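Work through these exercises with the structure open beside you. Try each task before you read its solution.

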Amino acid sequence: MGSQPWCVVGLDNGGTTNNATVLDASGRFLVDGMVESPSAVREGPEAALTALGATFARVLELTGVDRSTVLGVGLDTPGPASADGVLSAKGATNFVNPAWAGFDIRTALEDLIGLPVVYSNDANAAAVYAHHVHFGADALDRSSVSAIIGTGLGGGVVEAGRVITGGNGMAGELGHIRLPLDGVLEPDQPIPVCNCGRAGDVESIASLTAIGRGLLPYWLTRFPAHPLAAEPVQEAAKLLRSYAERDDPLALAVFEQQAKALGRLFTIAADFTDPHAYFVGGGVVEARPSFRDWLLSRVRDHTELREEQAATAIFSLVPDLDMAGARGSAIAARDSLRAADLPPVTP
Ligand SMILES: [Zn+2]
């Protein structure tokens, strides 16, 4: 491309909406807020690809970017999927239409728009974004681990600025690592089982699903007069954060358990990749700062680091929750398509 201006587009494909951004050659995002449009994912691949094509065209129009300057596209979707963007044959949470099983969404989008498409799963994209925003000019010399608490527990392991995908695209599936549970669960608390079938993995404790399925029902036996006992448990699970923001003892007990689980996970990470930074993301990022900071400090307290590690380890939040997918997949695409001479990203 020589000195010609160039950019990459980031497309975040969600269960109900797409979001988009453009990252230019100077490391600047040309979109400040959200560029949202319906994703049509429930209608199946054909409708969803048409919707992605429309989102792509719309973000170019909004930013005034000439299509001929677009090097390629970063695409992220919820997993599970292969490193090349082939959705799991067993189905994925957001892709309930049976036509999605084993669908190669990366190649299909590439064929549709005629540009290279680089695929990331949504947690990996958020991990890449958190890493680059935090480290800026030093991003390519740093490592990090991200845990993103949502319906499940997503993760991403970043080394030298690039996410580790592994041989089958399954690296960084941090939610399904089994934890030593002594000191995490109460003595009379049943061992929770994850959707994946494993007992006592990270997601079986540190996810919204875990709260509704096991943690909240257990803690309600300790606080039987709690107002949430009167709500359907899935509703109560969603309301729990608002109670924690008001220092409700039941809610804090549940989130303390989640902090313990994340601390155990990060303790494993410390021995595995010894990262410079540990990032926590998900809905908690949008919580009231006092609760958000409390949770992060509890995670830190429950992470056992060696003295040298403790002196320098960074614990921080994944920023800009809603935009992290589109922005992170744009960075991943840029770094894949143009590996050399990259300026730092300006958040
Ligand atoms: Zn699991």
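**Exercise 1. Find which geometry the four donor atoms around the zinc ion have.**

Step 1. List the donors. The zinc ion is coordinated by His176 (ND1), Cys194 (SG), Cys196 (SG) and Asp201 (OD), at 1.9 to 2.3 Å. Donors are N, O and S atoms within 2.8 Å of the metal (3.2 Å for Na, K and Ca); water is not among the atoms, so sites may look incomplete.

Step 2. Check the angles. The four donor atoms subtend angles of 103 to 116° at the zinc ion, which makes the arrangement tetrahedral. The rule: four donors count as tetrahedral if all angles lie between 85 and 135 degrees; four count as square planar and six as octahedral if opposite donors are over 155 degrees apart and all others between 65 and 115; anything else is irregular. The ideal angle for four tetrahedral donors is 109.5 degrees.

Step 3. Read the spacing in sequence. The donor residues follow the pattern H-x17-C-x1-C-x4-D.

Step 4. Check burial. Cys194 has 5% relative accessibility, so it counts as buried. Asp201 has 0%, so it is buried as well. Buried means under 20% relative accessible area, exposed over 50%, partly exposed in between (1.4 Å probe, protein chains only).

A note on the source: this is a predicted model, where local features need pLDDT of at least 70, side-chain atom pairs count only at pLDDT 80 or more, and totals for chains, interfaces and linings use all residues. Residues are numbered from 1 along each chain as its sequence is written, and side-chain values use heavy atoms, with hydrogens and water left out.

**Exercise 2. Trace the sheet with the order 8-7-6-9-10.**

Step 1. Name the type. This is an open sheet of five strands with mixed pairing. Helices (H or I, at least four residues) and strands (E, at least two) are DSSP runs, numbered from the N terminus. Two strands pair if DSSP finds at least two bridges between them.

Step 2. Find the edges. They are strand 8 (162-163) and strand 10, and each pairs on one side only.

Step 3. Follow strand 6 (residues 143-149). Strand 6 pairs with strand 7 (residues 153-159) in the antiparallel sense, over seven bridges. A hairpin of three residues joins strand 6 to strand 7. Ser143 stands opposite Glu159 in strand 7. Strand 6 runs parallel to strand 9, with six bridges. There, Val145 has Tyr278 as its bridge partner.

Step 4. Strand 9 (residues 277-282) and strand 10 run parallel and share four bridges. Ala277 has Ile314 as its bridge partner, and Val280 stands opposite Leu317.

**Exercise 3. At what angle do helix 3 and helix 9 pack?**

Step 1. Helix 3 (residues 122-135) and helix 9 (residues 324-337) pack at about 80°, with their axes 7 Å apart. Axes are lines fitted to C-alpha atoms, for helices over the stretch in contact, and angles run from 0 to 180 degrees between N-to-C directions.

Step 2. That makes helix 3 roughly perpendicular to helix 9. Angles under 35 degrees count as roughly parallel, over 145 as roughly antiparallel, 65 to 115 as roughly perpendicular and the rest as oblique.
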